[in-house]
Amino acid sequence: MTETVAVLGTGKIGEALLSGMIRGGWKPTDLLVTARRPERAQELRSRYGVEAVTNAEAAKAADTLILTVKPQDMSTLLDELAPHVPADRLVISGAAGIPTSFFEARLAVGTPVVRVMTNTPALVDEAMSVISAGSHAGEEHLVHAEAIFGGVGKTLRVPESQQDAATALSGSGPAYFYFLVEAMTDAGILLGLPRDKAHDLIVQAAIGAATMLRDSGQHPVALREAVTSPAGTTISAIRELESHGVRAALIAALEAARDRSRELASGNG
């Protein structure tokens, strides 16, 4: 039987998923989208050949619903969907901080819910999507979520109790790297490099370092030590980073992001 998947609230991440599914072999005729603005719906229809429908129509017609609206909009969306979602529908949530129990309490008893935290590199098929099962979701539902999100990067299963930590580390993670690149670019300018050259040097260093971390199998400490010569330039820079508490600041920042994810879950938005 042909399966229909609906992406509800198709913003940047929703569109990235949509395009990834099509690249992965899904037929546009098997995909539905919803959008708040009519012009956005028309844009998606024209760009991908998918059908744009209302949230209620998507709930009635699709076998899998992927909810990509902002956390603060999720309660309103569920109120709209609940009368139309049978218990055999798979509901996938991409909202930060909201537990599967929030959805299970508002949908038909027994509805399988899978929670996924992905990140913006989905736009270039390099996402990290962290997947957790709700109390009614089985292996087949997790496999199905992996098939969808695997089209835009890698997937990892974790217990739902680890989702807030994963959100802090991976969901928000790209922003930390952009922040670091921004700071290093400014440093390059201070040292006398033009902005464009400083940017190119740092971006390629980041790509190379990430590739070595992924492919070498070595611990980051070993890779760092390979660059750190006795009494050399690198150790002088690392001494400054340590003296300014950069490691401690990163740990504190991730703790703050995790705590904010927990606040969203408790409704303190």
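Helices α1 and α2 cross in a right-handed way, so that's a handy place to start: the two are roughly parallel to each other, given an angle of about 20 degrees between them. Keep in mind that this is a predicted model.

**Helices α1 and α2**

- Helix α1 covers residues 12-23 and helix α2 covers residues 38-48, and their axes sit 12 Å apart.
- On the α1 side, the contact uses Lys12, Glu15, Leu18, Ser19 and Ile22.
- Across from them, α2 brings Arg40, Leu44, Arg47 and Tyr48.
- Sort those contact residues by class and you get four nonpolar, four charged and one polar.
- Some of these names come back in a salt-bridge network, which links Glu15, Arg40, Glu43 and Arg47.

**Helices α8 and α9**

- From α8, the residues in the contact are Val181, Met184, Thr185, Asp186, Gly188 and Ile189.
- From α9, they are Arg195, Ala198, His199 and Ile202.
- This contact counts five nonpolar, three polar and two charged residues.

- Asp164 pairs up with Arg115 in a salt bridge, and their closest N and O atoms are 3.5 Å apart.
- Asp164 belongs to helix α7 (residues 163-171) while Arg115 belongs to strand β6 (residues 113-117), so this bridge ties together parts that are 49 residues apart in sequence.

**Salt bridges with partly exposed residues**

- Arg258 and Asp259 join their side chains in a salt bridge, at 2.8 Å from N to O.
- Arg258 has 25% relative accessibility, so it counts as partly exposed.
- Asp259 lands in that class as well, because its relative accessibility is 33%.
- Glu39 and Arg37 form another salt bridge through their side chains, with N to O at 3.2 Å.
- Of that pair, Arg37 is partly exposed, with a relative accessible area of 44%.

Technical notes. Residues numbered from 1 in each chain as written. Predicted model: local features only at pLDDT ≥ 70, side-chain atom pairs only at ≥ 80, totals over all residues. Heavy atoms only, no water. Salt bridge = Lys/Arg side-chain N within 4 Å of Asp/Glu carboxyl O. Buried < 20%, exposed > 50% of the residue type's maximum accessible area, 1.4 Å probe, protein only. Helix = DSSP H or I, 4+ residues; strand = E, 2+ residues; numbered from the N terminus. Contact = heavy atoms within 4.5 Å. Nonpolar A, V, L, I, M, F, W, Y, C, P; charged D, E, K, R; others polar. Axes fitted to C-alpha atoms, helices over the stretch in contact; angles between N-to-C directions. Parallel < 35°, antiparallel > 145°, perpendicular 65-115°, else oblique. Left-handed = near helix turned anticlockwise from the far one by under 90°.
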